[in-house]
Each structure stands twice: as C-alpha cells, then as structure tokens.
Amino acid sequence: MTHGREQAGSTESPEVYGSFRERPARDYELGAGLRLLREVSVVLGALPVVLIAWHAMNGPDRVPVHFGFDGTVNRDGSPWELFWTALLVWGTCVLGMAILSRHPRLFNFPQVLTSENVQRLYRLGETSLIWLAFAAALMVWGIAGSLGYPTFWLLWVGLGVMTVAVVLLVWRSATT
C-alpha cells in the first residue's frame, strides 16, 4: 500500500479508499478566515433564536409564521412555532454542519477517493459545509424577520449563498 503522493518515476497506481475506515485523516489546516466563519456562523445563528424566544415570552400571542413568495403573510401562528423552527434550523443546519465540517472523512463524495485526491476533496467538502452553515445562519435571521425585524431579506440571501455553495461543491469536486 502506498500513502500520500507517488514518487517521481513510480508506476504504482494511487491507493483507492473504499470505506470510511480506510480513509486517512486530514493533513491540512484551514485558513483563519474559514475557521472564524465557522465559529461566527454558530454564534450568529444562535442570536435570533434567543431573540425569538424572548419575543415569544413577551410579545403577542399570534405572529406571521408563513409567507408566500411575494412576501405576503398567508398564515399566523404562535411565536413558539417560530422559536422551534428557528431552533431546529440552527441546531441541525448551523451547529450540525459546523460540527460535521470538522470530520471530512465522513463525507460522501461524487468520485472515488484516492491517495492523489483525498486531501483536496476533504478541504473542498469542509469549506463547503462551513459556507452552508453560514447560509443557514443567515436564514435563521430571516426567520426572525417574521417578528417585524428588518431581517426577512436575509432568508433570500441565505438561500442564494446556499445554492452557490452547493453548485460550486458539486462542480469543483466533479471536475478537479
């Protein structure tokens, strides 16, 4: 078995990793900006959850909880419904992706992992999950916009960032 890069002039094929157990640990460090974005996303996404909980305890009994594509309210509900929605989005999408991004060995990739591409794909997957966590944090702020805060537009920005991150992940992992 060979690990890492092949030596010059070697005719050996790169090692193929068929299972999660065979995959090597990551051997790179992310830049400070991406590490900070991961941490900021967790905190940034938690703040509107706290804000919505405070509003649910002290605000009106009914708030807008569903909007049409044109922005018109098409259903009212309890502010606690917003709280549980925001908490679920934050917990699974923001916190979950931030934690999972630290373990790229567990990711599914659109191509076979080999000793030649594994670290590059790990880095790409980790970076993409960090951006997805940030997009989800923006979306939680958009949910808080249902309470009258001027943040509803962040829902659309978050969806845009999420779409770009997914498209780039698929494209870059399939073409490099």
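Helices (H or I, at least four residues) are DSSP runs, numbered from the N terminus, and Trp84 has its place in one of them, helix α2. This is a predicted model, in which local features need pLDDT of at least 70 and side-chain atom pairs count only at pLDDT 80 or more, while totals for chains, interfaces and linings use all residues. Residues are numbered from 1 along each chain as its sequence is written, and side-chain values use heavy atoms, with hydrogens and water left out.

**Helix packing**

- The axes of helix α3 (residues 118-144) and helix α4 (residues 153-175) come within 7 Å and cross at roughly 165 degrees, which makes α3 roughly antiparallel to α4 (angles over 145 degrees count as such).
- The crossing of α3 and α4 is left-handed, a term used if the near helix is turned anticlockwise from the far one by less than a right angle.
- The axes of α2 and α3 come within 8 Å and cross at roughly 165 degrees, so α2 is roughly antiparallel to α3, and the crossing of α2 and α3 is left-handed.

**Nonpolar surface**

- Trp54, Met57, Trp80 and Trp84 make a nonpolar surface patch of about 520 Å² (patch residues have over 30% relative accessible area and no salt bridge, with nonpolar side chains joined within 5 Å).
- The elements that give two or more residues to this nonpolar patch are α1 (32-58) and α2 (79-100).
- Trp84 counts as exposed because its relative accessibility is 53%, where exposed means over 50% relative accessible area with a 1.4 Å probe, protein chains only.

Notes:
Patches are made of residues with over 30% relative accessible area and no salt bridge: like charges are joined within 9 Å, nonpolar side chains (Val, Leu, Ile, Met, Phe, Trp, Tyr) within 5 Å. Accessible areas come from the Shrake-Rupley method with a 1.4 Å probe; for residues, only the protein chains shown count as cover. A salt bridge is a side-chain nitrogen of Lys or Arg within 4 Å of a carboxyl oxygen of Asp or Glu. Buried means under 20% relative accessible area, exposed over 50%, partly exposed in between (1.4 Å probe, protein chains only). Axes are lines fitted to C-alpha atoms, for helices over the stretch in contact, and angles run from 0 to 180 degrees between N-to-C directions. Angles under 35 degrees count as roughly parallel, over 145 as roughly antiparallel, 65 to 115 as roughly perpendicular and the rest as oblique.
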